[in-house]
Amino acid sequence: RQRTRLRSGLVITQVALSMLMLACAGLFLRALSHAAQLSPGFEPKGVTAMAFDLSLSGYDEPTARAFYARLLEELRRSPATESAALVEELPMSIGSSSTQMWVRGGDPNGMEVNTTSVSDGYFPSLRIPLLKGREFQVTDTSASNASLIVNETLARRMWPGLDPLAQVISLSGPDGPWRAVVGVAKDSRYRRLAEAPRPFLYAPAAAEDADEFTVVMRSSDPPAT
């Protein structure tokens, strides 16, 4: 009888654990299916990413800028290249940057917003639609009062009912200097696939330190080529 009770108890425990594992597997598959249906807001397929930290190789600011300029020129020259660009941090990568920003007539304490630096060609490379305005140009540098691009959540939150392209932002303090908003990008995922829409700010790569960027290239060639 004791052996029978023990055997029955083990069978009951095994069945209970099996049911628990089946339930967990079902929940996991449902979560996986839900994640597969979520759009990241950009298209990674067909994009090759190459990260560089030129400071480790002894490059200074001028030589680093010359390196990236020549690299982009060479990549874009290939007939298979659709677009190529620089980005400080890829979306949904491990690291994330933030900055304090102020709008004219807004909270004097400003607000913290996630940000990254990108060059011209970034939005076509990741196929992030621009809803208004233009992407960055090589002339968008700090010396020429560099422009900024915001995502639609930031534009809607800061200037409801107003034209974002008529607004200015300061990254230095409530008194400026002021930088023009030249574009509004469609929302995408920046940290996690399932995150809620968050305000985001793009700065021009030409106005930032040039020693550490990732090159992204959309091409019809396979990545190994």
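The model is a predicted one. Strand E9, residues 200–204, is largely enclosed by the rest of the structure, because 5 of its 5 residues are buried. The salt bridges come to 8 by count.

- Phe200, Tyr202 and Pro204 point one way. Leu201 and Ala203 point the other way. Residues on both sides are buried.
- Strand E4, residues 111–118, runs parallel to E9, and 5 bridges join them. In this pairing, Ser117 stands opposite Ala203 of E9.
- Strand E6, residues 148–151, pairs with E9 in the antiparallel sense. This pairing has 2 bridges. Here Ile149 stands opposite Tyr202 of E9.

- Is Thr115 buried or exposed? Its relative accessibility is 12%, so Thr115 counts as buried. The cut-off for buried is under 20%.
- Thr115 is found in strand E4. A polar atom of its side chain lies 2.9 Å from the backbone oxygen of Leu201. Leu201 itself points from E9 the way Ala203 does.
- Beyond residues up to four places away in sequence, Thr115 touches several others, among them Phe200, Leu201 and Ala203. Glu89 and Ser97 are also included.
- Thr153 is found in helix H4, residues 152–158. Thr153 is buried, with a relative accessible area of 6%.
- Which side chain makes a polar contact with that of Thr153? The partner is Asp187, at 2.5 Å. Leaving aside neighbours within four places in sequence, Thr153 is in contact with Asp187, Pro197, Arg198 and Pro199.

**A nonpolar patch on the surface**

- Val11, Val15, Met19 and Leu22 form a nonpolar patch on the surface. Together they have about 390 Å² of accessible area.
- Met19 is found in helix H1, residues 2–37. Met19 is exposed, because its relative accessible area is 52% and the cut-off for exposed is over 50%.

**Salt bridges**

- Side chains of opposite charge can pair when their charged atoms come close.
- Glu61 and Arg65 meet in a salt bridge, at 3.0 Å from N to O. Both are in helix H2, residues 61–77. They are 4 residues apart, so about one helical turn separates them. Glu61 is partly exposed at 33% relative accessibility. Arg65 is partly exposed too, at 32%.
- Arg127 and Glu82 meet in a salt bridge, at 3.3 Å from N to O. This pair links distant parts of the chain, 45 residues apart. Glu82 is in strand E2, residues 81–87. Arg127 is in the loop between helix H3 and strand E5.
- Arg134 and Asp140 meet in a salt bridge of 3.0 Å, N to O. Arg134 is partly exposed, with a relative accessible area of 27%. Asp140 is buried, with a relative accessible area of 5%.
- Some salt bridges share partners. They join Glu73, Glu74 and Arg77 into one network.

- Most residues other than glycine have a negative phi, and most peptide bonds are trans.
- Where does Pro177 lie? Pro177 is in the loop between strand E7, residues 168–170, and strand E8, residues 179–185.
- Met92 has a positive phi, near 60 degrees. Met92 sits in the loop between E2 and strand E3, residues 97–103. Its relative accessible area is 30%, so Met92 is partly exposed.
- What is the phi of Arg127? Phi of Arg127 is near 55 degrees, a positive value in a residue other than glycine. Arg127 lies in the loop between H3 and E5. Arg127 is partly exposed, with a relative accessible area of 44%. Its side chain also meets that of Glu82 in a salt bridge.

Key. Residues are numbered from 1 along each chain as its sequence is written. This is a predicted model: local features need pLDDT of at least 70, side-chain atom pairs count only at pLDDT 80 or more; totals for chains, interfaces and linings use all residues. Side-chain values use heavy atoms; hydrogens and water are left out. Buried means under 20% relative accessible area, exposed over 50%, partly exposed in between (1.4 Å probe, protein chains only). Two strands pair if DSSP finds at least two bridges between them. Patches are made of residues with over 30% relative accessible area and no salt bridge: like charges are joined within 9 Å, nonpolar side chains (Val, Leu, Ile, Met, Phe, Trp, Tyr) within 5 Å. Accessible areas come from the Shrake-Rupley method with a 1.4 Å probe; for residues, only the protein chains shown count as cover. A salt bridge is a side-chain nitrogen of Lys or Arg within 4 Å of a carboxyl oxygen of Asp or Glu. A polar contact is a pair of N or O atoms within 3.5 Å; within protein, one must be able to donate a hydrogen and the other to accept it, and residues adjacent in sequence count only if both atoms are side-chain atoms. Contact means heavy atoms within 4.5 Å.
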